[in-house]
Amino acid sequence: MRFVPHTLKEKEEMLKTIGITSTDELFRDIPEEIRLKKGLNLPTGLDEITLQKEIETLAGNNAHLNDYISFLGAGAYDHYRPSIIDHLLLRSEFYTAYTPYQPEISQGTLQAIFEFQTLICELTGMDVANASVYDGASALAEAVLMAVTQTRKNKVLISSTVHPEYREVVKTYAWPRGIEILELPYQEGLTDLSILDEHISQDVGAVVIQNPNFFGSIEKVKEIAELTHQHKALLIACVDPISLGLLEAPGNLGADIVVGEGQSLGLPVSFGGPYLGFMATREKYLRRLPGRIVGIAKDRLDREGFVLTLQAREQHIRREKASSNICSNQALCALAATIYLSTLGKQGMREVAMQCLTKSNYAKQILKEIEGVEVAFPQNYTFKEFVLKLSEPVSSVNQRLLKHKILGGLDLGKFYPELENHMLLCVTETRSREDIDLLKRVWEGVQ
Amino acid sequence: MKEKLIFEKSTPGRKAYSLPPIDTPEVELTTLLPEEIIRQEPAQLPELSEVDVVRHFTRLSQMNYGVDTGFYPLGSCTMKYNPKINENMSRLPGFALAHPYQPEELSQGALKLMYDLSEILSEIAGMDKFTLQPAAGAHGEFTGILIIKAYHQHRGDKKRTKVIIPDSAHGTNPATASLCGFETIEIKSNAHGLVDLEELKKLVGEDTAALMLTNPNTLGLFEKEIIAIADIVHEAGGLLYYDGANMNAIMGYARPGDMGFDVVHYNLHKTFATPHGGGGPGAGPVGVKQFLAPYLPKPVVEYDDEKQKYFFDYNRPHSIGRVKAFYGNFGVAVKAYTYILALGAAGLKEASEIAVLNANYLKTILQGKYHVPFDQVCKHEFIISPEKRVKEKGIKTLDIAKRLVDYGFHPPTVYFPLIVEEAMMIEPTETETQETLDAFAQALIDICQEALDNPEILHNAPHSTHVSRFDEATAARKPILRWKKN
């Protein structure tokens with residue numbers, strides 16, 4: 001049978017050593033009445049050739065980004081993924097290892113995480129970062145719990161320009177703790193500062209924003225931070241790491257906890273996962289930071305190396321008093337991000353960001369020339385995504401585009417009923433001018 | 001040999017990336033962004049050539065130990081072999097490059113895979129409906145306990161504020177209960193390492209929301225009284241939560257659904273051979289009995305018979321909401337699905353059969369050389385601890401674990417479960433040969449002799465690695481968590 005190496009002879013020898021004649025005797029402690037009498041109702045196992053064909057057939061029933069020109073983003077992005085990433089991820093000393101509990105034989109994973117933490121601190125302008133959590137949405141939820149514990153204030157204001165699915169995750173995490181979540185309406189595609197001003201009070205533990213926000217618009221982070229801090233609340237900013245090649249680090253704009261989705265840093269869109277959430281904060285909040293953290297240690301011969309540290313916050317020590325129940329990170333995804341950031345480096349990150357900014361703004365300019373199309377929230381600065389207001393349903397345009405193997409943008413009506421006929425488009429460095437021009441021609445029906 | 005940090009290998013002006021020129025008309029940056037939000041100081045990221053980056057991470061990989069390096073008997077973690085075809089399948093463009101928001105009509109392969117995997121997981125666990133959304137075991141626990149909370153609240157039963165958890169449980173169980181706003185009640189194990197029924201009867205009541213249980217438990221023992229346990233909890237109005245960490249012991253032999261469990265989570269990275277990745281990504285699907293299905297996170301994948309297509313069902317008013325963006329760690333689900341199809345019904349049962357055979361074989365060889373606190377048939381894992389004569393030499397479990405590294409093995413889980421002093425928790429899995437088990441047992445026996453003859457060699461172990469035991473207390477007291485430019 002697959003992956004079980006035992007020959008019949010070996011099996012017999014082993015049974016003999018144990019002093020039994022059949023493996024059935026090893027299962028007699030399972031009470032008769034719950035022992036499964038019939039076999040599992042599943043197909044028989046497949047040989048490798050048949051298996052591969054079967055799985056390939058399933059994969060073949062999906063559209064994918066090699067086959068379509070995509071303008072779809074909304075939290076999952078088609079960015080450049082240098083070839084070296086996958087080759088290095090497939091080093092099986094990395095991917096077949098467990099959490100680095102034995103540091104002497106896990107220095108590879110540990111050093112990579114230490115480098116990851118440093119890279120995230122550099123990008124965000126924060127003091128400390130953890131080893132990553134499940135995804136951007138759960139990172140945001142963990143940040144909310146962290147801020148509420150830190151401030152001991154149970155009310156949180158979240159801008160409705162934050163990714164709708166992230167807001168749902170925040171609400172799921174907040175509900176059992178009795179945390180009050182208030183969604184702030186937006187005005188012209190941005191967090192409404194006057195409404196924020198109206199709702200913020202000494203009872204508020206945190207204000208949550210996304211930048212660039214779900215509409216691609218760049219928020220007034222500094223003003224929001226000032227307002228937040230005047231009321232002794234913490235500012236949680238959920239950011240696009242690619243944008244930080246060009247945009248001011250949130251740490252310099254007053255954010256107290258910075259989180260985000262790291263998928264753009266070298267991970268495929270993979271139908272929504274696995275991704276990675278990053279979390280960074282100020283030194284003073286370190287002990288509230290959930291998740292795994294790697295630090296430098298010295299061995300008994302005074303040699304430097306890396307260990308999991310500050311474990312007194314964690315579940316396997318603190319059990320019910322832990323700062324979170326998380327006991328893993330997305331280590332391999334964090335490794336991908338570490339390789340990505342090392343490959344792109346200081347210049348590359350700026351260049352990728354510059355390409356996103358320039359190409360998406362070009363697309364915004366030419367698409368608004370189409371009859372019946374206008375830019376929604378035109379006064380806002382945008383980074384790689386923007387919203388168009390159409391004179392017809394988004395689905396009709398997308399249907400036309402699909403015929404030409406173009407994936408159009410997201411129908412915002414799905415999440416914002418008031419934004420019916422509004423499309424959220426994304427243009428990254430992987431799109432060429434030709435792709436964008438083609439989009440326009442097909443949209444107009446010229447091609 | 002130490003590997004320098006990537007930052008220390010940086011040389012300004014070097015580059016490893018390759019991007020096309022910007023082919024859209026040139027625009028002044030300040031017309032696209034206001035001056036005050038443009039980054040003044042670029043992030044200090046390293047600058048290296050492609051070969052530098054490749055060598056750095058290759059070198060780091062060589063400082064790691066994985067299942068492909070050797071035997072990895074880490075108890076409760078199921079470090080079985082990770083089949084290579086799974087990696088290839090998850091990287092097919094139709095999966096890896098499918099966008100989560102692309103139209104459902106163009107994602108039927110991905111949706112069918114999710115639907116079929118949910119059905120398969122239901123069959124193996126004896127449950128009715130699954131969600132693939134949780135990203136890890138602990139995330140699954142969080143999801144499952146929230147479902148239980150939502151169920152009680154929906155019935156207007158607000159007194160149920162307590163979750164009962166055995167003292168042998170994983171630390172995530174009590175941490176999860178707290179995260180979900182419950183109070184944790186610990187139940188002591190009896191002398192046989194099992195849930196004490198009399199104690200349980202005393203603890204349950206109208207404030208009981210749930211009992212969280214791992215079966216076989218973390219001692220590797222099957223909770224024989226599971227039906228009585230389920231009855232006691234259910235009669236008190238509580239629900240039963242199954243921590244699926246040890247599911248590898250019973251596939252095809254017994255199902256948590258038949259034992260009376262109401263909610264189950266799996267760890268695809270344990271039972272279904274997806275790689276642990278150095279700590280993730282994993283996946284922690286959660287299954288429930290029909291009466292709890294309305295509370296599952298949304299969306300749930302369904303099949304429309306009329307239209308003959310799979311779709312995401314968002315119309316679930318009682319759902320606990322989302323625990324993650326999109327639909328879960330889909331790439332991990334592809335690997336688990338590939339593995340399950342490779343093994344089939346008989347193969348899965350054989351995996352459990354041999355996992356249990358391997359554990360009992362290893363335990364038998366070690367008997368008499370190590371203390372075996374629960375001397376009975378075990379399931380897929382078992383506990384040992386050093387004998388008294390070894391402990392009298394000042395040897396601790398940690399010393400033995402570190403010495404195993406010199407023998408080329410990954411140490412077992414140590415100091416867990418908490419109820420056994422100096423515990424070593426050994427889970428060999430089914431993918432290891434008799435020779436490997438013999439060699440591992442011999443290493444443990446040799447180490448035992450070394451402990452008696454020359455304890456120093458254990459105190460200072462490991463000797464074969466380029467770094468030795470760390471001073472973790474100082475590291476935590478004065479944390480250095482990032483590199484900084486001098």
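Which backbone oxygen lies 2.6 Å from a polar atom of the side chain of T218(B)? In this predicted model, the backbone oxygen belongs to S168(B). A polar contact here is a pair of N or O atoms within 3.5 Å; within protein, one must be able to donate a hydrogen and the other to accept it, and residues adjacent in sequence count only if both atoms are side-chain atoms. T218(B) itself lies in the loop between β4 (208-213) and α9 (226-235) of chain B. Helices (H or I, at least four residues) and strands (E, at least two) are DSSP runs, numbered from the N terminus. With a relative accessible area of 1%, T218(B) is buried, where buried means under 20% relative accessible area, exposed over 50%, and partly exposed in between (1.4 Å probe, protein chains only).

Residues are numbered from 1 along each chain as its sequence is written, while chains are lettered from A and ligands numbered from 1 in the order in which they are written. Local features of the predicted model need pLDDT of at least 70, side-chain atom pairs count only at pLDDT 80 or more, and totals for chains, interfaces and linings use all residues, with side-chain values taken from heavy atoms and hydrogens and water left out.

Chain A as a whole comes next. It holds 13 helices and 17 strands, and its C-alpha trace spans about 80 × 55 × 50 Å along the principal axes. Of its 447 residues, 69% count as buried. Among the contacts in chain A with a separation of 6 or more, 71% come from residues 24 or more positions apart. The accessible surface of chain A comes to about 15,300 Å², and 47% of that belongs to carbon and sulfur atoms; such areas come from the Shrake-Rupley method with a 1.4 Å probe, and for residues only the protein chains shown count as cover.

Within chain A, strand β9(A) is mostly covered, five of its five residues being buried. In a regular strand the side chains alternate between the two faces of the sheet. In β9(A), I257(A), V259(A) and E261(A) point one way and V258(A) and G260(A) the other. Strands pair if DSSP finds at least two bridges between them. β9(A) runs parallel to strand β8 (residues 234-239) of chain A, joined by four bridges, and V239(A) stands opposite G260(A). With β10(A), the pairing is antiparallel over five bridges, and I257(A) has T281(A) as its bridge partner there.

Another strand of chain A, β14 (residues 385-389), contains L388(A), which is buried with a relative accessible area of 0%. By contrast, L388(A) and Q330(A) are 58 residues apart in sequence and 35 Å apart in space, C-alpha to C-alpha.

The two chains also meet through aromatic rings. A pair of aromatic rings is described by the distance of the centres and the angle of the planes. Rings of Phe, Tyr and Trp (its six-membered ring) pair if their centres lie within 6.5 Å; planes under 30 degrees apart count as stacked, over 60 as edge-to-face and the rest as tilted. By this rule the count is 36 aromatic pairs over all chains. One of them is edge-to-face, because the rings of F271(A) and F330(B) have centres 5.2 Å apart and planes at 65 degrees. This pair crosses between chains, from the loop between β9 (257-261) and β10 (277-281) of chain A to helix α12 (residues 330-366) of chain B. Both partners are buried, F271(A) with a relative accessible area of 1% and F330(B) with 2%.

A charge sits over a ring if NZ of Lys or CZ of Arg is within 6 Å of the ring centre and within 35 degrees of the ring normal. K324(B) lies over the face of Y275(A), 5.8 Å from the ring centre. Elsewhere, E104(A) is buried, with a relative accessible area of 3%, and a polar contact of 2.8 Å joins its side chain to that of K402(B).

Technical notes:
Contact = heavy atoms within 4.5 Å.
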